[in-house]
Amino acid sequence: MLESEFAWANYCKYLLVFGGIMNTPVQLSLEQQFNVRAFSEQVKDLSREQAQDFLVDLYRQMMIKETMYKGFLMQQLGVIS
């Protein structure tokens, strides 16, 4: 098996394990629950345009975080150095 095939197999195995974890209900800590409530209060008075701009920016940030996690994972699996 080529090195890249081995790394890909490990990545797929990780996704199966991680996917199983993600199907398990997750409880937020009290601090996280408080932060959600505070965030809710902050955004409830946004205009439609402000809310749309905020959501687009939030989505962009989520994509950046996902890309970073994938990069870290690939690095840990030895796909990239």
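Along the sequence, the chain follows the pattern α-α-α. Its secondary structure comes to three helices and zero strands; helices (H or I, at least four residues) and strands (E, at least two) are DSSP runs, numbered from the N terminus. This is a predicted model: local features need pLDDT of at least 70, side-chain atom pairs count only at pLDDT 80 or more, and totals for chains, interfaces and linings use all residues. Residues are numbered from 1 along each chain as its sequence is written, and side-chain values use heavy atoms, with hydrogens and water left out.

**Confidence**

- The chain averages a pLDDT of 81, where pLDDT is the predictor's confidence in each residue, from 0 to 100.
- Of the residues, 69% score at least 70.
- Confidence is lowest in helix H1 (residues 3-22), at a mean of 61.
- Helix H2 (residues 30-43) has the highest, at 93.

**Helix H3**

- H3 has 29 residues, which should span 42 Å at 1.5 Å a residue; the expected span is 1.5 Å times one less than the number of residues.
- The end C-alpha atoms of H3 are 42 Å apart, so the model agrees with that expectation.
- Glycine 78 follows H3 and has a positive phi, near 85°.

**Aromatic pair**

- The count comes to one aromatic pair; rings of Phe, Tyr and Trp (its six-membered ring) pair if their centres lie within 6.5 Å, and planes under 30 degrees apart count as stacked, over 60 as edge-to-face and the rest as tilted.
- Phenylalanine 39 and phenylalanine 54 form this tilted pair, at 5.6 Å centre to centre with 40° between the planes.
- The pair links distant parts of the chain: phenylalanine 39 lies in helix H2 and phenylalanine 54 in helix H3, 15 residues apart.
- Phenylalanine 39 is partly exposed, with a relative accessible area of 38%; buried means under 20%, exposed over 50%, and partly exposed in between (1.4 Å probe, protein chains only).
- Phenylalanine 54 is also partly exposed, at 32%.

**Surface**

- The accessible surface of the chain comes to about 7500 Å², with 62% belonging to carbon and sulfur atoms; areas come from the Shrake-Rupley method with a 1.4 Å probe, and for residues only the protein chains shown count as cover.
- Of the 81 residues, 6% count as buried.
- Phe39, Leu46, Phe54, Leu55, Leu58, Tyr59, Met62 and Met63 make a nonpolar surface patch of about 740 Å².
- Patch residues have over 30% relative accessible area and no salt bridge; like charges are joined within 9 Å, nonpolar side chains (Val, Leu, Ile, Met, Phe, Trp, Tyr) within 5 Å.
- A salt bridge is a side-chain nitrogen of Lys or Arg within 4 Å of a carboxyl oxygen of Asp or Glu.
- Helix H3 (residues 48-76) gives the most to the patch, with six residues.
- Methionine 62 sits in helix H3.
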